[in-house]
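This briefing is for a reader meeting the structure for the first time. Please look at the sequence and the model before reading the points below.

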Amino acid sequence: MTKLVLMRHGQSLGNQANLFTGWYDLDLSSKGHKSAQAAGERLRQHGFRFDIAYSSMLQRTIHTLQHCLDALDQAWIPTYASWQLNERHYGALQGLNKTDTLKKYGAEQVQLWRRGFHTTPPPVERHSPHFPGNDPRYHALAPTNLPTTESPAMTTRRVMAFWHSTILPCLKKGQNTLIVTHGSPIRALLGHLNQLSEEDTQRLSISTGAPFVYELDEAAQPLRHYSL
């Protein structure tokens, strides 16, 4: 039996300030560092051992993963950061306060931007620091992989491409895998693993620092799942 653990990063400075964060690279808050350490300790208490681990390319997931592996005394396992596990790109909303955005555009429009499966927020300008093409960590990416905005559907496509190309082969080899990522990628993965509709997937609430555990058979099909 192979185990897959999916976890959203601990509280970030963006969460703390109630911002649309997306690809905006803010670190964990003090509370987030502590909750990441606590999540690692819960995994240790339940006897989890991992063979490989993944994060996004944003420091809030990288540091959460480091805290978990330190608590597990497994900092030596291979770890990989992928842009395909980044949070959804919120376009021109990135860095804006959510409450202020609600006041400016109204709850109906903001909810559509946040949860409409095929709806994209306004795009970010290419000269903006929030455009990934201006960030050196993404210089190797093809221009078609540099979003100016994303819908949940677009985010799901890149997450699932990474699932099929990279994660699924590891699971089929029997490698216990830890993935620390963001709310939108976790929704995509949970929707796939639980065979949920688009609507039900978008209604999922993903708490920070809370591990989701899947026990998988030899074909990497879920046998059971639970939260720690």
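The model is predicted. Six strands make up an open sheet with mixed pairing, and their order across the sheet is 3-2-4-1-5-6. Much of what follows concerns strand 2 and the elements around it.

**The sheet**

- Strand 3 (79-81) and strand 6 (222-227) are the edge strands, each pairing on one side only.
- From one strand to the next, the twist averages 15 degrees.
- Helix 3 (residues 59-72) lies across strand 1 (2-8), strand 2, strand 3 and strand 4.
- The direction of helix 3 is at about 145 degrees to that of strand 4.

**Strand 2 and its partners**

- Strand 2 (residues 52-55) runs parallel to strand 4 (residues 177-181), and four bridges join the two.
- Between strand 2 and strand 3 the chain passes through helix 3, giving a β-α-β crossover that is right-handed.
- In a regular strand, side chains alternate between the two faces of the sheet.
- Strand 2 is covered on both faces: Ile 52 and Tyr 54 are buried on one side, and Ala 53 and Ser 55 are buried on the other.

**Ala 53**

- Ala 53 belongs to strand 2.
- Is Ala 53 buried or exposed? Its relative accessibility is 0%, so Ala 53 counts as buried, the cut-off being under 20%.
- Ala 53 has a bridge partner in each of two strands: Leu 178 in strand 4 and Thr 79 in strand 3.
- Beyond its neighbours within four places in sequence, Ala 53 is in contact with Leu 65, Ile 77, Pro 78, Thr 79, Tyr 80 and Leu 178.
- Leu 4 is 49 residues from Ala 53 along the chain, and their C-alpha atoms are separated by 9.8 Å.

**Helix 4 and helix 5**

- Two packed helices are described by the angle between their axes and the distance between the axes.
- For helix 4 (residues 98-105) and helix 5 (residues 107-115), the axes come within 7 Å and cross at roughly 125 degrees.
- Helix 4 and helix 5 are therefore oblique to each other, because an angle between 115 and 145 degrees is neither roughly perpendicular nor roughly antiparallel.
- Helix 4 contributes Lys 98, Thr 101, Leu 102 and Tyr 105 to the contact.
- Helix 5 contributes Ala 107, Gln 109, Val 110, Trp 113 and Arg 114.
- By type, the residues of this contact are five nonpolar, two polar and two charged.

**Two loop residues with positive phi**

- Asp 73 is in the loop between helix 3 and strand 3.
- Phi of Asp 73 is near 55 degrees, a positive value in a residue other than glycine.
- Asp 73 counts as exposed because its relative accessibility is 61%, and the cut-off for exposed is over 50%.
- Gln 195 is in the loop between helix 7 (183-193) and helix 8 (198-202).
- Although Gln 195 is not a glycine, its phi is positive, at about 55 degrees.
- With a relative accessible area of 72%, Gln 195 is exposed.

Definitions and conventions
Residues are numbered from 1 along each chain as its sequence is written. This is a predicted model: local features need pLDDT of at least 70, side-chain atom pairs count only at pLDDT 80 or more; totals for chains, interfaces and linings use all residues. Side-chain values use heavy atoms; hydrogens and water are left out. Two strands pair if DSSP finds at least two bridges between them. Axes are lines fitted to C-alpha atoms, for helices over the stretch in contact, and angles run from 0 to 180 degrees between N-to-C directions. Contact means heavy atoms within 4.5 Å. Angles under 35 degrees count as roughly parallel, over 145 as roughly antiparallel, 65 to 115 as roughly perpendicular and the rest as oblique. Ala, Val, Leu, Ile, Met, Phe, Trp, Tyr, Cys and Pro count as nonpolar, Asp, Glu, Lys and Arg as charged, and the others, Gly among them, as polar. Buried means under 20% relative accessible area, exposed over 50%, partly exposed in between (1.4 Å probe, protein chains only). A crossover is right-handed if, with the strands pointing away from the viewer, the path from the first strand over the helix to the second runs clockwise.
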